[in-house]
Amino acid sequence: MRKKVVAGNWKMNKNLQEGIELAKEVNSKVKAAGTKEVTVIIGTPFIHLSEVNKIVDPTVVAVAAQNCAIEASGAYTGEISAAMVASTGSKYVILGHSERRSYYGETDEILVKKVQRALENNLEIIFCVGEVLAERESGKHFEVVKSQLENGLFNLPADQFAHVIVAYEPVWAIGTGKTATSAQAEEMHAFIRKTIAGKYNQQVADNTSILYGGSCNAKNADELFSQPDVDGGLIGGASLKAEDFSTIIVARAKH
Ligand code: PGA
């Protein structure tokens, strides 16, 4: 069966020392909470990965990068490869976040290559999809999310798709304090699962964890996670406070 997952996305926050402190706090809070049934991941900036991996207990908290390069290695100044990410002990990489898509021009074609690089290096992928406000208002949100899945992921055979966690993040809810209602989240998650079943089969769809992201916090997590197709969360702002993040993890464990 699919995993319950709570993943933090720190984005470009916390210097190295602050990041180490936060990782220590998260690790000890999660350990104390004893929420073993929830896979907890923290997505830190690249430069934190190595240090944070030394601090956390890998049976309690796993570590993710927030991006990786398209190319495997070579003269690409400033880029970080999937192999480098893996060499820090990190097990996951977040790909296709809407901020990467909109501010750094990451297209479906780019993401297909990044997914390949991640898989070649045995990284598990948290792949983000989601519509912007105008797309939702014009009723195109299902179509948009379907095409992001088809163009970014559905070239994968089922055995590789098994290494993908999908994160549905409506762009209008990210960092805005405007969360999707649990009904809106469930409707889209069920649609995503149906789309995966249509491409692969029901078993593959049932084994895929689908996370909700977008202003998910310590107050609303419980309600969101009560939905049958919401398998967890990708948490931005609220993952920067260990207390809030662990409340969200406890909420996930409850259902
Ligand atoms: P937020 O970010 O929780 O701050 O809205 C979520 C995300 O972008 O992953």
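Ala-7 stands opposite Leu-234 of strand S8 in the predicted model. Strand S1, spanning residues 4-9, is joined to strand S8, spanning residues 232-235, by 4 bridges, and the two strands run parallel. This pairing belongs to a closed barrel of 8 strands, in which the order is S1-S2-S3-S4-S5-S6-S7-S8 and the pairing is parallel. On average, neighbouring strands of the sheet are turned by 25 degrees against each other, direction ignored.

Helix H7, formed by residues 141-152, lies across strand S5 (124-129) and strand S6 (164-168). The direction of H7 is at about 145 degrees to that of S5. Helix H9, formed by residues 182-199, packs on the sheet and touches S5, S6 and strand S7 (210-213). Between the directions of H9 and S7 the angle is about 145 degrees.

Helix H7 also meets helix H5. Two packed helices are described by the angle between their axes and the distance between the axes. For H5 (residues 108-120) and H7, the axes come within 8 Å and cross at roughly 50 degrees. Angles from 65 to 115 degrees count as roughly perpendicular and those under 35 degrees as roughly parallel; H5 and H7 are therefore oblique to each other. On the H5 side, the contact is made by Asp-108, Val-112 and Val-115. Helix H7 contributes Ser-147, Gln-148, Asn-151 and Gly-152. By class, the contact of H5 with H7 comprises 2 nonpolar, 4 polar and 1 charged residues.

Technical notes:
Residues are numbered from 1 along each chain as its sequence is written. This is a predicted model: local features need pLDDT of at least 70, side-chain atom pairs count only at pLDDT 80 or more; totals for chains, interfaces and linings use all residues. Side-chain values use heavy atoms; hydrogens and water are left out. Two strands pair if DSSP finds at least two bridges between them. Axes are lines fitted to C-alpha atoms, for helices over the stretch in contact, and angles run from 0 to 180 degrees between N-to-C directions. Contact means heavy atoms within 4.5 Å. Angles under 35 degrees count as roughly parallel, over 145 as roughly antiparallel, 65 to 115 as roughly perpendicular and the rest as oblique. Ala, Val, Leu, Ile, Met, Phe, Trp, Tyr, Cys and Pro count as nonpolar, Asp, Glu, Lys and Arg as charged, and the others, Gly among them, as polar.
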